[in-house]
Amino acid sequence: MLRRFFYGWIEVATYLWTYENFNIIKLDWSSPWTWWLCFLGFDFAYYLFHRYAHEINILWAAHQAHHSSEEYNLSTALRQSSLQGATSWMFYIPLAVAIPPSVYLVHRQFNLLYQ
């Protein structure tokens with residue numbers, strides 16, 4: 001729990017800093033297009049992370065706990081190693097050039113539920 005809080009704080013702080021300093025596309029948080037763009041962007045970032053976690057050794061070392069059970073169920077799907085949070089957040093930072101932080105944080109929770 002503590003590691004998730006720590007890595008989550010790093011992710012959110014880095015996202016906010018990137019948004020404040022490198023936001024080049026101003027999207028209205030209340031626009032449905034912003035929400036759809038964030039949904040697609042977040043899902044694509046998750047796909048990239050998951051794909052690279054299977055192909056790059058250091059990422060695989062952090063990801064393999066997710067694949068350590070012979071039976072796949074919700075608890076297996078949510079099983080994450082301590083280091084996965086230290087490596088996955090970097091894939092989402094590029095969204096900060098356009099996506100408002102409030103929309104990003106909501107989709108961060110949606111992603112956990114549907115992945």
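**Aromatic rings and a nonpolar patch**

Ring pairs join Y15, F42, Y92 and Y104 into a cluster.

Biologist: What kind of model is this?

Modeller: It's a predicted model: local features need pLDDT of at least 70, side-chain atom pairs count only at pLDDT 80 or more, and totals for chains, interfaces and linings use all residues. Residues are numbered from 1 along each chain as its sequence is written, and side-chain values use heavy atoms, leaving out hydrogens and water.

Biologist: How many aromatic pairs are there?

Modeller: The structure holds 8. Rings of Phe, Tyr and Trp (its six-membered ring) pair if their centres lie within 6.5 Å; planes under 30 degrees apart are stacked, over 60 edge-to-face, the rest tilted. W17 and F22 are edge-to-face, because their centres are 5.5 Å apart and their planes sit at 65 degrees. W36 and F39 are edge-to-face too, with 5.8 Å between centres and 85 degrees between planes.

Biologist: How far apart are W36 and F39 along helix α2?

Modeller: They're 3 residues apart, so about one helical turn separates them. Helices are DSSP runs (H or I, at least four residues), numbered from the N terminus.

Biologist: New topic: which residues make the nonpolar surface patch?

Modeller: W36, F39, L40, V106, F110, L113 and Y114, covering about 720 Å². Patch residues have over 30% relative accessible area and no salt bridge, with nonpolar side chains joined within 5 Å.

Biologist: Which helix gives the largest share?

Modeller: α6, with 4 residues.

Biologist: Is Y114 buried, partly exposed or exposed?

Modeller: Partly exposed, because its relative accessibility is 37%. Buried means under 20%, exposed over 50%, and partly exposed is in between (1.4 Å probe, protein chains only). W36 is exposed at 53%.

Note on methods
Patch = residues over 30% accessible without salt bridge, like charges linked within 9 Å, V, L, I, M, F, W, Y side chains within 5 Å. Areas by Shrake-Rupley, 256 points an atom, 1.4 Å probe, with all protein chains shown as cover. Salt bridge = Lys/Arg side-chain N within 4 Å of Asp/Glu carboxyl O. Helix = DSSP H or I, 4+ residues; strand = E, 2+ residues; numbered from the N terminus.
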